[in-house]
Amino acid sequence: MAAVSLRLGDLVWGKLGRYPPWPGKIVNPPKDLKKPRGKKCFFVKFFGTEDHAWIKVEQLKPYHLHKEEMIKINKGKRFQQAVDAVEEFLRKTKGKDQDLTIPESSTVKRVMTGTVAGFKWPPSVSEPVKDSDPHFHHFLLSQTEKPAVCYQAITKKLKVCEEETGSTSIQAADSTAVNGSITPTDKKIGFLGLGLMGSGIVSNLLKMGHTVTVWNRTAEKCDLFIQEGARLGRTPAEVVSTCDITFACVSDPKAAKDLVLGPSGVLQGIRPGKCYVDMSTVDADTVTELAQVIVSRGGRFLEAPVSGNQQLSNDGMLVILAAGDRGLYEDCSSCFQAMGKTSFFLGEVGNAAKMMLIVNMVQGSFMATIAEGLTLAQVTGQSQQTLLDILNQGQLASIFLDQKCQNILQGNFKPDFYLKYIQKDLRLAIALGDSVNHPTPMAAAANEVYKRAKALDQSDNDMSAVYRAYIH
């Protein structure tokens, strides 16, 4: 977007990273919120959301001047609701400029998800992305108050803030907001597994300038990344032996073990000092076993499962949960910043696996409840769309809720997070509960629904296809 002359109170279209412009208003920031260094920017409150962010001036356009253009190129219900909110604001003010200064007490409400975590709209096809930074250009409002896990901007030298529990976090979005780009590590990176999650991760590693060697069980999946500059590894052992840090992201415990212990596997390439990072979602026993065999050969081990879906992987906005070798965690800093918006260090090996299963247990149970509600609305003669509209105006409103429901209503079950994998995670989470004699009745009930849906699913559909279990 071209630079324009703007001032406090102006209505604007703000561009965030690779996402389409969104209507907002330039307002006064909270008094204790620092302004980003570097280029001139304004603090913008976005309509139709609770989001607000620092936006560079070249990423802003006057609202009225570009209204028709933006409405023509952007579609979607949430976008239309935002435009309607602007028009309603204009009707109420009748030309009078009212300052939308954000109260200080509201500035920390979105700490754990980031100030613009709600922005997950489809990329605009009419305006090419000019910004190489996959993260939003904003400063987290968590600077105004200390949350449970303390966040600090990562400058060129890694800074980590530690809880009493020993858990730490890296806020990657801060780093790119401050520095404008990621300085890639000079270490050679290997990556094993190019599925829904791995493909997006590797793409972002390459975009941020990392040297990456890839391997996949189905070799054809490597072709696209070779064209983007990756090197090809013939076996997992070869990748590990030629790279400094090798990441792996596969489907389940069996696949994770086979990758390490199988013929031409990771273990055969491990030498003293070689680093292995397993990003698969598996149980704690599996990851502990893998850590032991890697370390027994002189290698260094880190588990780092990721929370997110295919879209978040493509956008470099995953949440990374890491545990194990703390030094290796810090060595992975530029890689984690390229692939995710936040990473957490959770201590000893096994902790990340446990936390990841708990996170996916909550997500899977929530998805099953959404499907149950939609089908109950249908059989009782209520509008499913109206139910979604009501939920979107309440406390449960989220991008996850909106996207999954819209996909269900459209009969679109293209995989973003495989149904079979969320069922696997629920099963492992229930087993985790059993291991400590802790009841998981909600997860158990959800798991039974997913098992039925899985039996009906012949096409490797998305987790939202659990809806079908209620209508068959």
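Confidence in this predicted model, expressed as pLDDT (the predictor's confidence in each residue, from 0 to 100), averages 82 over the protein chain, and 79% of the residues score at least 70. Residues are numbered from 1 along each chain as its sequence is written, and side-chain values use heavy atoms, with hydrogens and water left out. Local features need pLDDT of at least 70 and side-chain atom pairs count only at pLDDT 80 or more, whereas totals for chains, interfaces and linings use all residues.

Two stretches call for some caution. Over residues 97-167 pLDDT stays under 50, and the model has 173 contacts (heavy atoms within 4.5 Å) beyond four places in sequence for this stretch. Residues 169-180 also stay under 50, with 53 such contacts. Where pLDDT is low, the predicted coordinates should not be read in detail.

Turning to the helices (DSSP runs of H or I, at least four residues, numbered from the N terminus), α7 (residues 253-261) and α9 (residues 284-296) have axes (lines fitted to C-alpha atoms over the stretch in contact, with angles from 0 to 180 degrees between N-to-C directions) that come within 10 Å and cross at roughly 10°. The pair is therefore roughly parallel, the term for angles under 35 degrees. On the α7 side, P253, A256, K257, V260 and L261 make the contact, and on the α9 side T286, E289, L290, V293 and I294 do. By class, this contact has seven nonpolar (Ala, Val, Leu, Ile, Met, Phe, Trp, Tyr, Cys and Pro), two charged (Asp, Glu, Lys and Arg) and one polar residue (the others, Gly among them).

A second pair is formed by α14 (residues 384-392) and α15 (residues 399-409), whose axes come within 11 Å and cross at roughly 175°. That makes α14 roughly antiparallel to α15, the term for angles over 145 degrees.

Key. Helix = DSSP H or I, 4+ residues; strand = E, 2+ residues; numbered from the N terminus. Parallel < 35°, antiparallel > 145°, perpendicular 65-115°, else oblique.
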